[in-house]
Amino acid sequence: MITASPTLSVRDLSVSFGATGARLQALDRVSFDVARGEILALVGESGCGKSVTMMAILGLLPERVARIEAQRIQLGELDLRKATPKALRTVRGRRIGMIFQDPMTSLTPVHTVGFQIAEVMRAHQGLSRRAAQARALELLDLVRIPDPRRRLDAYPHELSGGMRQRVMIAIALACAPELLIADEPTTALDVTVQAQIMELIADLRREMGMSVVLITHDLGVVATTADRVAVMYAGRIVEEAPVADLFRNPSHGYTAGLIRSLPGGETERQTRLAEIPGNVPRFAAPPNACAFTERCAFALPGCATTRPPDEQISQAHRCACFNREAVAAALRDTPFVRAWV
Amino acid sequence: MIAEPAAPPPANCPRRRHATMEALASALREPWTLLCLLLLAGFLFVAFFAGMVAGDPLAINPAQRLKPPSAQFPWGTDHLGRDVFARAMHGTRMSLAVGASVALLSAIPGVAIGIFAAMSRLGGALVMRIIDAMMAIPAVLLAVALAALLQPGLTTIIIAITIPEIPRMVRLVRAVVLSVRQQPYVDAAIASGTRGPTLVFRHILPNTLAPVIVQGTYAAASAIIAAALLSFLGVGTPPDLPNWGGMMADARRYFQQDPMLMAYPGMLLSVLVLITNILGDRLSDALDPRKSTRKI
């Protein structure tokens, strides 16, 4: 989907690791846009390339082992492919904020949280120590930390996981970035705190008008927060659609597998949860095959020999699957999909 | 832009005291730590004011050789009739000077080289091979050789003990930095645009310091022993510098007549080394914010 002027636009991003000869293709021509003020969810299981995509965009992959090719990585008017290390540093933290998966270890243990929030603003906006501390106080209040003045002087180990994740969010938002990347922001937290954090991210997106890329493997989180979803498998985006379209009309074998493996409604309480057989391929799929063929319940003979092209199902819904009518038809009866129709 | 906070936090909420000060204050409340600190203060006092607490450590009095303790000589006299108490008190100076200097002088280059070795691939490999080569030489042998090469004196002893101590510090710092560098908070700092030097000084160095401080106190303790050993062997110490190792070396020959001649400096040495080690452990606990007992 192409909007008038997306915050982030990525075309044909490929990343491979390792020495020549034994290269591991981590990303295979990934393309997506994030519109202004939109939450895009990148969904897929561990190792499918969600995090690598974001690391490549931020230029955080080690240059020695990672080879990055792309038609376009555009942040606003800035071409991130050609950005100098210095320019990239000003992008990180200032124009793109990042929240990491594990709030327990993502804060430096030896500095107070107030210092760490202030550090970002002092580095990027040249604020004085005093001004930065004052802003840090506002930010702690913004991320709804109770009694922020006291928390300013707290060390990370004195805060709970949910509080630390709020501090991480405060750091990510310190310079009012146009794009927030949240890399599985709630996996390390328990369920009630998860909901609060997701609500906070959604609220802040509205208040600050920023775009969000939400990396997750939790379809429940996707359903409640995201505007659009890109499903990734083995380094490729296999299906991309607005949330409602995706859940109403899932069209890729892998999306179907993900939806089927969700806990169902009351009728299915006694049954074992459905699973996707097998594992994520250790090495990239052959270039001319669908990467999911071997595990796919809907595989056709052609899937192993021809790579299905990206096809536009509706204006905003694209999918790379030969058997998508069968997929959509088979899932029409699952409670999860019925809930969306 | 970011919205204004709905309600400003109450202004009368007191800021807490600085964490490090608070941690040190709580360490002081432990009786063992307090005892060690008092003992160390005693050693320091004696080292600075040895001339006032005790008499002349160098005055030779052949008529008063190997006398038992008396009002004039509280710990008796040695084989030249010198005041053992005065010599032991003056000997504190050298032990403390060597311990403190070696700890500091091995920590500064050790931390710098260690961080360099961990952050630079090629340079690091080169530095570590040199360090490996240095560690292959026995420390005492290297110290004896260095002490023999240079002019006798306190500086020589400090240099001779510091140089074999540096490789240990480098290895420790490098290992710690390598693990700190992999921590998510370092990635997080890079992802929020932190520059190289800031990254090292603000995120990597402070997280490296606790083990460095402990290693520094161990280095001080082992340097005090090494200095005594060098003096015992008669390397590097000028005869007019009273020190515990030299006293023990002299006392060795008169051990059967007066074993206490060896016991006085030996006990002082043991106590000083012990309290240095204990205080090192306590200090590393106090400096680690995760181990402090404060609650908010």
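Let me begin with a definition: the radius of gyration is taken over C-alpha atoms, and the globule rule is 2.2 Å times the number of residues to the power 0.38. For the 341 residues of chain A, a compact globule would have a radius of gyration near 20 Å, and chain A has 21 Å, which agrees. Taken along the principal axes, the box filled by the C-alpha atoms of chain A is roughly 65 × 50 × 35 Å.

Please note that this is a predicted model: local features need pLDDT of at least 70 and side-chain atom pairs count only at pLDDT 80 or more, while totals for chains, interfaces and linings use all residues. Residues are numbered from 1 along each chain as its sequence is written, and chains are lettered from A and ligands numbered from 1 in the order in which they are written.

Chain A contains 12 helices and 13 strands; these are DSSP runs, numbered from the N terminus, with helices being H or I of at least four residues and strands E of at least two. Chain B, in turn, has 11 helices and 0 strands.

Of the 341 residues of chain A, 50% are buried; of the 296 residues of chain B, 39% are.

Turning to contacts, two residues are in contact if their C-beta atoms, placed from the backbone, lie within 7 Å. In chain A, 65% of the contacts between residues at least 6 apart in sequence join residues at least 24 apart. In chain B, residues 24 or more positions apart make up 69% of the contacts with a separation of 6 or more.

Finally, the contact between the chains. Chain B contributes 26 residues and chain A 35 residues. On the side of chain B that touches chain A, the elements giving two or more residues are α8 (184–191) and α9 (196–233) of chain B. Of these, α8(B) gives the most, with 5 residues. By class, that side of chain B has 15 nonpolar, 7 polar and 4 charged residues, where Ala, Val, Leu, Ile, Met, Phe, Trp, Tyr, Cys and Pro count as nonpolar, Asp, Glu, Lys and Arg as charged, and the others, Gly among them, as polar.

Notes: A residue is buried if 20 or more other C-beta atoms lie within 10 Å of its own, exposed if 12 or fewer, and partly exposed in between; C-beta atoms are placed from the backbone.
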